[in-house]
Amino acid sequence: MPGFTNKPIIIDAREHLMGRLGAVVAKALLTGHKVRVLRCEQMEISGTFFRNKLKFLRFLRKRCNVNPQRGPFHHRAPSKIFKRAVRGMLPYKSFRGRSALRRLRAFEGVPPRYQRVKKQVAPHAMRSICLAPGRKYCTVGRISHEVGWKYQDVVQTLENKRKLKASVAYGKKGALKKTKRAAFRAVAPR
């Protein structure tokens, strides 16, 4: 992670393992950084989908017997699931931990304000690096969808629109670069 700055660290969570990314993010939060995590629905968890779904269903059964409205609260959205995982890695009952957790924002998809911003990855948390080839894994978005998250289709359509826009913009940028290069060559002294 970069040195201390007031700008937030923007992480693209696609193809990252949730627990490992959570550890990296928790450390950055405790050192005073603001962190924004994008595309939480494409984050991954090691292990088969079926096993992870059973784990989550077991978690859903945990509730207050007297009055379930008292908690524990089971969020279905991938961003909230990730936030809770990070909360478990912070001393969130102290002022330091509470203020660290406030510095974290997690999103499904890529919100418009972060679409043209350079995003980072955490190599120590990437599935392709951490997980042995051939090992099973599943996405957080799929588990969320199975246990009651209703916005998978909405996020998917918005992401497709964003990718289409980005590819058009990238094509224009490439064409502009090519014409600039040709112009420089034309006026360069020989």
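Which helix gives the most to the lining of the second largest pocket? In this predicted model, that element is α2, with five residues. The second largest pocket has a volume of about 480 Å³. Of the 23 residues that line this pocket, Met18, Ile45, Phe56, Ile81 and Ala85 are the closest to its centre. At least two lining residues come from each of α1 (18-30), β3 (44-46), α2 (49-60), α3 (78-87) and α6 (140-146). By residue class, the lining of the second largest pocket comprises twelve nonpolar, five polar and six charged residues.

The largest pocket has a volume of about 560 Å³. Its lining consists of 15 residues, and those nearest the centre are Gln115, Arg116, Lys119, Arg162 and Ala166. Helix α7, which spans residues 152-187, gives the most to this lining, with seven residues.

The strands β1, β2 and β4 form an open sheet in the order β1-β2-β4, and their pairing is parallel. The edge positions are held by β1 (9-12) and β4 (104-106), each of which pairs on one side only. From one strand to the next, the twist averages 15°. Strand β2, residues 35-38, is joined to β4 by three bridges, and the two strands run parallel. Within β4, leucine 104 stands opposite valine 35. Helix α1 lies across β1, β2 and β4 and runs at about 160° to β2.

When neighbours within four places in sequence are left aside, the contacts of aspartate 12 are with Leu38, Arg39, Lys119, Gln120 and Val121. Of these contact partners, Lys119 is also among the residues that lie nearest the centre of the largest pocket.

Most residues other than glycine have a negative phi, and most peptide bonds are trans. Glutamate 15, although not a glycine, has a positive phi of about 60°. The residue is placed in the loop between β1 and α1. The relative accessibility of glutamate 15 is 28%, so this residue counts as partly exposed, the class that lies between under 20% and over 50%.

A positive phi, of about 55°, is also found at arginine 39, which is not a glycine. Arginine 39 sits in the loop between β2 and β3. Here the relative accessible area is 10%, so arginine 39 is buried. Arginine 39 is also one of the residues in contact with aspartate 12.

The bond from glycine 71 to proline 72 is cis, with omega near -5°. Proline 72 is located in the loop between α2 and α3. Both of these helices supply at least two residues of the lining of the second largest pocket.

Key:
Residues are numbered from 1 along each chain as its sequence is written. This is a predicted model: local features need pLDDT of at least 70, side-chain atom pairs count only at pLDDT 80 or more; totals for chains, interfaces and linings use all residues. Side-chain values use heavy atoms; hydrogens and water are left out. On a 1 Å grid over the protein atoms alone, a cavity is a set of points where a 1.4 Å probe fits but cannot get out, and a pocket is an open set with protein on both sides within 12 Å along at least five of seven lines; lining residues have an atom within 4 Å of a point. Grid points are joined across faces, edges and corners, and a volume is the space filled by probe spheres set on the points. Helices (H or I, at least four residues) and strands (E, at least two) are DSSP runs, numbered from the N terminus. Ala, Val, Leu, Ile, Met, Phe, Trp, Tyr, Cys and Pro count as nonpolar, Asp, Glu, Lys and Arg as charged, and the others, Gly among them, as polar. Two strands pair if DSSP finds at least two bridges between them. Axes are lines fitted to C-alpha atoms, for helices over the stretch in contact, and angles run from 0 to 180 degrees between N-to-C directions. Contact means heavy atoms within 4.5 Å. Buried means under 20% relative accessible area, exposed over 50%, partly exposed in between (1.4 Å probe, protein chains only).
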